[in-house]
There are 2 protein chains.
Amino acid sequence: MSISKNKIAEIKKLAQKKFREESDCFIVEGIKSVSDLLHSKLKVVEVFATVSWLAEHADLTKNVNVVPVSETELERITALTTPQQVLAVAQRPHYSLADIDFADALLVLDGIRDPGNLGTIVRTADWFGFKQIVCSPDSVELTNPKVIQATMGSFSRMKVLYLNLPDFLKNAKIKGKIYGTFMQGRSIETVDFQQNDVLIIGNEGKGISAEVEKLVTDKIHIPSFAHSADHAESLNASIAAAVVMYRFRM
Amino acid sequence: MSISKNKIAEIKKLAQKKFREESDCFIVEGIKSVSDLLHSKLKVVEVFATVSWLAEHADLTKNVNVVPVSETELERITALTTPQQVLAVAQRPHYSLADIDFADALLVLDGIRDPGNLGTIVRTADWFGFKQIVCSPDSVELTNPKVIQATMGSFSRMKVLYLNLPDFLKNAKIKGKIYGTFMQGRSIETVDFQQNDVLIIGNEGKGISAEVEKLVTDKIHIPSFAHSADHAESLNASIAAAVVMYRFRM
C-alpha cells in the first residue's frame with residue numbers, strides 16, 4: 001500500500017469547501033486537466049498516478065512530489081465514476097485586484113451557483129481569449145471538483161477572483177463600459193464592444209442583482225430571432241455568457 | 001393517502017429508460033415545465049399537484065386527470081431535491097421523417113451523451129427559433145428526467161427525432177448545405193447560412209463520427225480569437241451548438 005488511510009481521507013475531504021479553505025488545496029483529476037495543471041504556474045503539492053502514466057510523463061513531473069498508486073488505490077481517492085490514471089493535489093491560486101489588467105477584457109459573474117455552469121464559463125472564456133473573471137462572493141467556488149472538471153483544464157489559465165461586486169464596480173479603474181445582460185436591453189447586434197469593456201452575466205434564476213444593476217452602464221440582450229412569442233423564456237447562464245463573449249470577439 | 005404505493009412505484013420507475021419505453025410515458029416536474037407542457041399539444045396522462053397549485057391553475061387542468069397530493073406525497077414521487085408543487089406524467093411524443101420541414105433550419109446531433117447538454121441544446125434551439133432536431137440513436141433520450149429538466153419547458157415546443165444519421169443525411173430531402181463543426185474547418189465568420197441549411201454538432205469527446213463526416217458538405221469551425229496557442233482545446237458541445245445557432249440567425 002503506497003498510500004495511507006489518512007492520506008486517502010485527507011484527499012477525499014478536499015471535495016468539501018471547508019477543507020479546501022483549511023488546507024488551501026484542491027484536487028485536479030484526469031489526464032488532460034493534470035497535464036494542463038503541470039504546464040501552468042500553479043503550485044502542485046502531490047501527484048498520485050499509475051506507473052504507466054508516470055513513465056509517460058517523467059519530464060512533466062520531475063519537480064513534483066509523486067506517489068505511484070495502483071488502479072485500485074486511485075479508485076479509492078477519486079471523485080469520478082471512472083478514475084483516469086492520475087489525480088493531483090494543488091495549492092489554490094490567490095489573485096488580488098492588482099492582478100487585473102483593466103486594458104483587457106473582463107468577465108464578471110454575479111451569483112453563478114451551478115458548478116457545471118461556472119466550469120463551462122471558465123472553459124469558454126479561455127477559448128475566446130478572456131484571461132480574467134471576477135465573481136461575486138456568493139458564486140460557486142472555482143476549486144469545487146465539479147467546477148474544475150467542467151473547465152477541462154482551463155482553470156489553470158484563468159485568473160478568477162472573488163470580490164464584492166458593487167465595491168469593485170464603483171472603485172476599480174474600469175476604463176470601458178460595463179455591459180450587463182437583461183431581458184430588456186439593446187440587442188448585442190448593435191453593440192460595438194471595446195477591448196477594455198466589462199461584461200456581466202447574472203445568476204441562473206434571478207439574473208443580475210439590483211445593487212449591481214445600478215452600476216451597469218449599458219443593458220444588453222441576446223435576441224431570440226424567434227418569430228412567435230411562444231419560445232424559451234431565457235437562456236442558460238453559461239450559454240448567455242458564451243454568446244456575449246463570441247459577439248464581443250467578432 | 002390520495003396516491004397509492006403502486007402509483008408511487010410506477011412514477012419513480014419512469015426515471016429509467018426501459019420503463020419509459022414500456023409505458024411510453026415520461027415525467028415533467030416543476031411549475032414552469034408543467035405549465036409549458038399543459039400549454040402544448042403533448043398528451044398529459046395525469047397531474048399530481050398540491051391543492052394550492054391546482055386552485056391557481058384550474059383553467060389549465062380542466063381537461064386533464066388531476067390527483068391532489070400533499071407536499072409529503074410529492075416528496076415521495078419527485079426526482080428533484082426540492083419538489084416544486086407539481087409533477088405530470090405525459091405521453092412521449094413521436095415524430096417521423098414526414099414531420100420535418102426541410103425549408104426550415106434543422107439541427108442534427110451526432111451522439112450527444114450528457115443529459116444536461118441535450119437539455120440545454122433544446123432550450124437554446126428553442127430560443128433561437130429552431131423547431132426541429134434530429135439525433136443519432138446513440139444520443140441521450142429526450143424524455144430522460146435530467147434532459148427534460150434542463151430544457152426548462154422547451155421540450156414541449158421542439159420536434160426531436162431519433163434517426164440513423166448516415167441514412168437520413170443521404171436520403172432525406174435536404175435542400176441546403178450540411179454544415180458540421182470540426183477543429184479544422186472554415187470560420188463561421190465567413191459562412192452565409194441559409195434558412196434551409198443543416199447544422200451538425202458532434203459528440204462531447206469524439207466530435208462528429210466518421211460516417212457522418214463523409215456526408216458533411218461544409219466543415220466549419222468556431223474561431224477562438226485567442227492570440228496564443230495556450231488556450232482551451234475545445235468548447236463544450238452545448239456551447240458550440242449555441243454559438244453556431246446564434247451565428248446562423250445573425
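My entries below go through the helix pair in each chain and then the relation between the chains.

**Entry 1, before looking.** I reminded myself that this is a predicted model. I also noted that two packed helices are described by the angle between their axes and the distance between the axes.

I looked up helix α6 (residues 115-127) of chain A against helix α10 (residues 237-249) of chain A: their axes come within 9 Å and cross at roughly 15 degrees. Angles under 35 degrees count as roughly parallel, so α6(A) is roughly parallel to α10(A). The crossing of α6(A) past α10(A) is right-handed.

From α6(A) I wrote down N117(A), T120(A), I121(A), T124(A) and A125(A); from α10(A), I listed A237(A), S238(A), A241(A), A242(A) and M245(A). Sorting this contact by class gave me 6 nonpolar, 4 polar and no charged residues.

I turned to helix α6 (residues 115-127) of chain B and helix α10 (residues 237-249) of chain B, whose axes cross at roughly 15 degrees and come within 9 Å. α6(B) is therefore roughly parallel to α10(B). I noted a right-handed crossing for α6(B) and α10(B). Among the residues making the contact are I121(B) of α6(B) and M245(B) of α10(B).

What rotation superposes chain B on chain A? I found 180 degrees, with 0.0 Å of shift along the axis and an RMSD of 0.0 Å. The two copies are thus related as by a two-fold rotation axis. The same surface serves both, and 100% of the contact residues of chain B recur in chain A.

Notes:
Residues are numbered from 1 along each chain as its sequence is written. Chains are lettered from A and ligands numbered from 1 in the order in which they are written. This is a predicted model: local features need pLDDT of at least 70, side-chain atom pairs count only at pLDDT 80 or more; totals for chains, interfaces and linings use all residues. Side-chain values use heavy atoms; hydrogens and water are left out. Axes are lines fitted to C-alpha atoms, for helices over the stretch in contact, and angles run from 0 to 180 degrees between N-to-C directions. Helices (H or I, at least four residues) and strands (E, at least two) are DSSP runs, numbered from the N terminus. Angles under 35 degrees count as roughly parallel, over 145 as roughly antiparallel, 65 to 115 as roughly perpendicular and the rest as oblique. A crossing is left-handed if the near helix is turned anticlockwise from the far one by less than a right angle, and right-handed if clockwise. Contact means heavy atoms within 4.5 Å. Ala, Val, Leu, Ile, Met, Phe, Trp, Tyr, Cys and Pro count as nonpolar, Asp, Glu, Lys and Arg as charged, and the others, Gly among them, as polar. Copies are superposed by least squares on the C-alpha atoms of residues with pLDDT of at least 70 in both.
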